[in-house]
Amino acid sequence: MFSAAAESFLRQAREIQEEELRRFCGRVSALLQGPEPGAEAAEGLRRLHLTVAATKYPRRLDGKFVELLQTVLCSSKSPEQIQVLCAAILREMSPCNDLILSCGEIQDTKLLSLVSSILLAQGNKKGEVAAVGEHVVKVLERRLPEGQSALFLLPVLANVISLSPESLTEEQTDVVSKKLGDWLRYASTRQGIPQTSGGFFSSPRTKQPAPLTEVDGAISTDFFTVLSVGQHYTQDQWLNVQAFSMLRKWLLCSEGHEVKTPHPDDKPGMDKSVTSMVSATSSSSRLLPPKEHLREKAFEYCQRLIEQSTRRPLKKDDGDLQKACLIEAATIVDIICKQDSSYVCHAVSFLKTLHGRICGDTTYARALLPIAQFFLNHSKLAAVDLDAICQHLFTDIPAQLFHNPSLAFEFVQFCKYNSQLLTDTSSIFRQSFPNLFKFLAWNSPPLISEFVDLLPFLLDASTAIEIFHLLLDLPCLTAALDIQLRAAALPASEKAPSDPAVKPATCLEAFRHPLYKNTFQYLLRTKSAPEDAPESLIPLRQLLGSLAGSPRVVQCAETVPVLLELFFRVVAEFADSSLINQLVVLLLQRSDQLYEIPAFKDDIYRVLSSQLAMLCKLHPALVVELSTEILDFSGSVSNIQNKEPIFTHMVWAIGEYLSVSYDKRCTVEQITRFFETLEAVLFEVTQLRPLGSTPSCAPRAISALMATLTKLAARSQDLIPRVSMFLSKMRTFVQSPAVTSVYCEEDLEEILIRATELMNLLKMPSVAQFVFTPPVDVASTQLQREVNDSLPFALRLVTNLLEPAPGCMPV
């Protein structure tokens, strides 16, 4: 958030009109054209920069003024502060049609850096990126004049390869690779001499450069790295730091040019990287091709950083820097080994040691990811126990650090990037899904897109049922994680187990209470454990109801419908009839067992109802195979009022698929049993009662019940009189004052129209049987699908035939 003063400045800058801006540019122009632009000109440029940067839309500046900014920028007489401000304004105006800048003749490295930043901001419309890259490489290739430094050019090169990696030729990349290798390996090993203002004791003879130290204070005896400590640094040491900062990006940029594999004549156990490191200054090392030279020096550099990370730092900041360097070093080693596999054997030895040293320290958790990435990428050559590495990574880290947002994002990104590789090489990944979902439960909005990509790789026939439960319980998991963190933060005196004889009054007390111990442990488990599932989590869901309004819980609940729809889409690709039956039974059961968040329940009912229809379409015989469970669900009037979407889709599935056309095991007795159950439900919801007690039931559910009863009667024509009589009474129902006070006129009219249409259709049993119960050989034809899709039209057509409008002549 900005301060009040900053907000005021921004508001003023945004409110400046074009005419006022033009006059202000005129005043700044006069100041810049004076003999020596000074503090007043700098202040004017600062205000102008704020004005052009404060709005989302580009501000328009006069072409002559833009030309003046470029002239002042390139003038050797302009103060550095003025040049920087001119460059900042021109960058903010980019892409700019009035630009006449070119870097081709600029030799001053500071000015080249400023001009290049403007050219790179143009969007490469005229090949600016390649031109900048070419000129910067030419300047680096030559010996720089006294007072000039390559420090200003490395950031430009980093931008060039970010914007357009292919813009540099192989010869140009070779030049830079050679320079980077030398800067990494051959920087000064003594501290720089500070600039003094003179004095009796300021002679260079009496003030020799001090040695560099390690982070633990010991005198450094090896080559310089970013972890070498000193009070003053030389130019080549700063180049060393910059070279390391862009090393990963540069290696990836040149990765496609050349990939080496071991030569068949190489002796086992001896690789080129080992022999080349015998003498860091050997002539053979300097005669390597540039890319190999850089790889060798980068590999040595990373190995040195890993060795330096074992030292105990004197300052906390140095400890944080050690961890950051470990992450970068392990990542770069992995890239080098992918480009030249002769480095793998040597890298394995020190990375295994590193992993063993830091795996027990959660403060190094982020560094474990690139190490695991290395072993995944080189598992065939590395000959390590990949399962042991994955076991620790997927068991301990998510369980302990799910609440660390940056680690959560990096961890899930790692899983997403390696999802196929992890699925193919380790069973631990898929079995660890309860742990991985802790990241999502705690950090829902930022990670939802990652889990959309990740979920298909976690799903198979063995995990589908457990993941279904976990998705529905995800908000409950968020609440449980909250309680777990609170319990861990309690003083030791308050962590004693609760008295089993005393019912817990709060969630924190319940966390340690024996009555809830097993359910908490199951919900917070680290790996798949379907055999350990408690009979019901209902008591725990009720207990955690006090956290249902927590913003974190609510945000988590909002992600579940998205993942649930994806879950069913993926499962539909591999599910057999047995799994589909299990899912339908669980779907009906779990609709009663959801975390008490009203909006969440409504969203879940919507998703489950549509997916129920999909499962029934995949396996229509389930209506017969699960007849007991389906009858129990559809025979309950309370399900109409509480779970209307699921109830309506279930009733629709009964009418659609309870037919010998879909399952030869379907008998008349079964049809009659379903008919009587649904008939009783429809009677219950349409029975006329005194005014205050008429149950409110969704018109869609009533229409679905009428349609399904009609379909069943068409398949067992002995039932036609019963349903016809029932349908004939619907006019009395919709006209009753007790009903009209509950339903709107449009809904009642729709119910009556549907009842009339169905009753008319039953007057022609053969037509009804064809429409509702197609023969086996046409049950899935295009004709029948069209008939079903246009059923309302067919019903209206029959109604018009039987009850023609006044004035119409019969055909």
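Guide: Let's start with how helices and strands are picked out: they are DSSP runs, H or I of at least four residues for helices and E of at least two for strands, numbered from the N terminus.

Visitor: How many helices and strands are there in the protein chain?

Guide: The protein chain has 45 helices and 0 strands. Keep in mind that this is a predicted model, where local features need pLDDT of at least 70 and side-chain atom pairs count only at pLDDT 80 or more, while totals for chains, interfaces and linings use all residues. Residues are numbered from 1 along each chain as its sequence is written, and side-chain values use heavy atoms, with hydrogens and water left out.

Visitor: Okay, what does "buried" mean here?

Guide: Buried means under 20% relative accessible area, exposed means over 50%, and partly exposed is in between (1.4 Å probe, protein chains only). Of the 811 residues of the protein chain, 51% count as buried.

Visitor: Which residues of helix 25 are buried?

Guide: They are A464, I465, E466, I467, F468, L470, L471 and L472. That makes 8 of the 9 residues of helix 25 (residues 464-472), so this helix is largely enclosed by the rest of the structure.

Visitor: And what does V333 touch?

Guide: A contact means heavy atoms within 4.5 Å. Leaving aside residues up to four places away in sequence, V333 touches F299, C302, A347, F350, L351 and F374. V333 sits in helix 15, and V333 counts as buried because its relative accessibility is 0%. For the chain as a whole, take contacts between residues at least 6 apart in sequence: 74% of them join residues at least 24 apart.

Visitor: Now for charges: how many salt bridges are there?

Guide: Side chains of opposite charge can pair when their charged atoms come close. The rule for a salt bridge is a side-chain nitrogen of Lys or Arg within 4 Å of a carboxyl oxygen of Asp or Glu. By this rule there are 33 salt bridges.

Visitor: Which residue forms a salt bridge with R311?

Guide: That's D216, with the closest N and O atoms 3.0 Å apart. R311 lies in the loop between helix 14 (290-308) and helix 15 (316-339), and D216 in the loop between helix 9 (170-185) and helix 10 (235-245), so the pair ties together parts that are 95 residues apart in sequence. R311 is partly exposed at 29% relative accessible area, and D216 is partly exposed at 28%.

Visitor: What about D453, where is its partner?

Guide: D453 forms a salt bridge with K416, and the closest N and O atoms are 3.0 Å apart. D453 is in helix 24 (residues 444-458) and K416 in helix 20 (residues 405-417), so to speak a link between distant parts of the chain, 37 residues apart.

Guide: For a patch, residues need over 30% relative accessible area and no salt bridge; like charges are joined within 9 Å, and nonpolar side chains (Val, Leu, Ile, Met, Phe, Trp, Tyr) within 5 Å. Here E745, E746, E749 and E750 form a negative one. E749, for instance, is in helix 42 (residues 745-762) and is partly exposed, with a relative accessible area of 47%.

Key. Areas by Shrake-Rupley, 256 points an atom, 1.4 Å probe, with all protein chains shown as cover. Lys, Arg positive; Asp, Glu negative; His and termini not counted. Charge placed at Lys NZ, Arg CZ, Asp CG, Glu CD.
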